[in-house]
Amino acid sequence: MDTIISLAACGIGIGLGPSSMRAVARPDVWICEVSPRTELPELTLSWRTEDRSPVLRAFLGSAGTAWPRLHDALQQRGISADSAD
């Protein structure tokens, strides 16, 4: 969220984010609700291939549990749902 707001403040563009972005808003950036609420577009995940951090492992585990298709895709690439190895 900080990156989205900072890039907007620098004049680089606009961004979409959760409504909780209001909590970290800057006075030089305008934040408005998108109405009516819309479904999210198709999403992807990306991370550095050499990253073996415990935070990444935990995130991939949670994400794989929440989204079975992601779990399957991770398994096909040899990444278990609880490990980034």
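Begin by selecting Leu70, which lies in helix α3; helices here are DSSP runs of H or I with at least four residues, strands are runs of E with at least two, and both are numbered from the N terminus. Before going further, note that this is a predicted model, in which local features need pLDDT of at least 70 and side-chain atom pairs count only at pLDDT 80 or more, while totals for chains, interfaces and linings use all residues. Residues are numbered from 1 along each chain as its sequence is written, and side-chain values use heavy atoms, with hydrogens and water left out.

With Leu70 still selected, show its surroundings: leaving aside neighbours within four places in sequence, Leu70 is in contact (heavy atoms within 4.5 Å) with Leu45, Ala63 and Gly64. If you also pick Thr44, which is 26 residues away from Leu70 along the chain, the C-alpha atoms of the two residues are found to be separated by 9.6 Å.

Next, step back to the whole chain, whose secondary structure comes to three helices and zero strands, following the pattern α-α-α when read along the sequence. Of the 85 residues, 18% count as buried, where buried means under 20% relative accessible area, exposed means over 50% and partly exposed lies in between, with a 1.4 Å probe and protein chains only. Among the contacts with a separation of 6 or more, 27% are accounted for by residues 24 or more positions apart.

Which residues make up the largest nonpolar core? Select Leu56, Leu60, Ala63, Leu70, Leu74 and Ile79, the six residues of that core; a nonpolar core is a set of buried Ala, Val, Leu, Ile, Met, Phe, Trp, Tyr and Cys residues joined through side-chain atoms within 4.5 Å.

Two packed helices are described by the angle between their axes and the distance between the axes. In this model α2 and α3 pack at an angle of about 125°, with their axes 5 Å apart; the axes are lines fitted to C-alpha atoms over the stretch in contact, and angles run from 0 to 180 degrees between N-to-C directions. That angle makes α2 oblique to α3, because angles under 35 degrees count as roughly parallel, over 145 as roughly antiparallel, 65 to 115 as roughly perpendicular and the rest as oblique. To see the contact itself, select Leu60, Ala63, Gly64 and Ala66 of α2 together with Pro68, Leu70, His71 and Leu74 of α3. By class, this contact has six nonpolar, two polar and no charged residues, where Ala, Val, Leu, Ile, Met, Phe, Trp, Tyr, Cys and Pro count as nonpolar, Asp, Glu, Lys and Arg as charged, and the others, Gly among them, as polar.

Move on to the charged side chains. The count comes to three salt bridges, each being a side-chain nitrogen of Lys or Arg within 4 Å of a carboxyl oxygen of Asp or Glu. Select Glu33 and Arg22, whose side chains meet at 3.0 Å, N to O. Glu33 and Arg22 both lie in the loop between α1 (2-9) and α2, so the pair ties together parts that are eleven residues apart in sequence. The C-alpha atoms of Arg22 and Glu33 are separated by 9.7 Å. Arg22 is partly exposed at 42% relative accessibility, and Glu33 is also partly exposed, at 44%. Not counting residues up to four places away in sequence, Arg22 touches Ile31, Cys32 and Glu33.

For the next stop, select Asp28 and Arg26, which meet in a salt bridge at 2.9 Å, N to O. Asp28 is partly exposed, with a relative accessible area of 48%, and Arg26 is partly exposed with 36%. Finish at Arg48 and Glu50, where the salt bridge has an N to O distance of 3.7 Å and both Arg48 and Glu50 are exposed.
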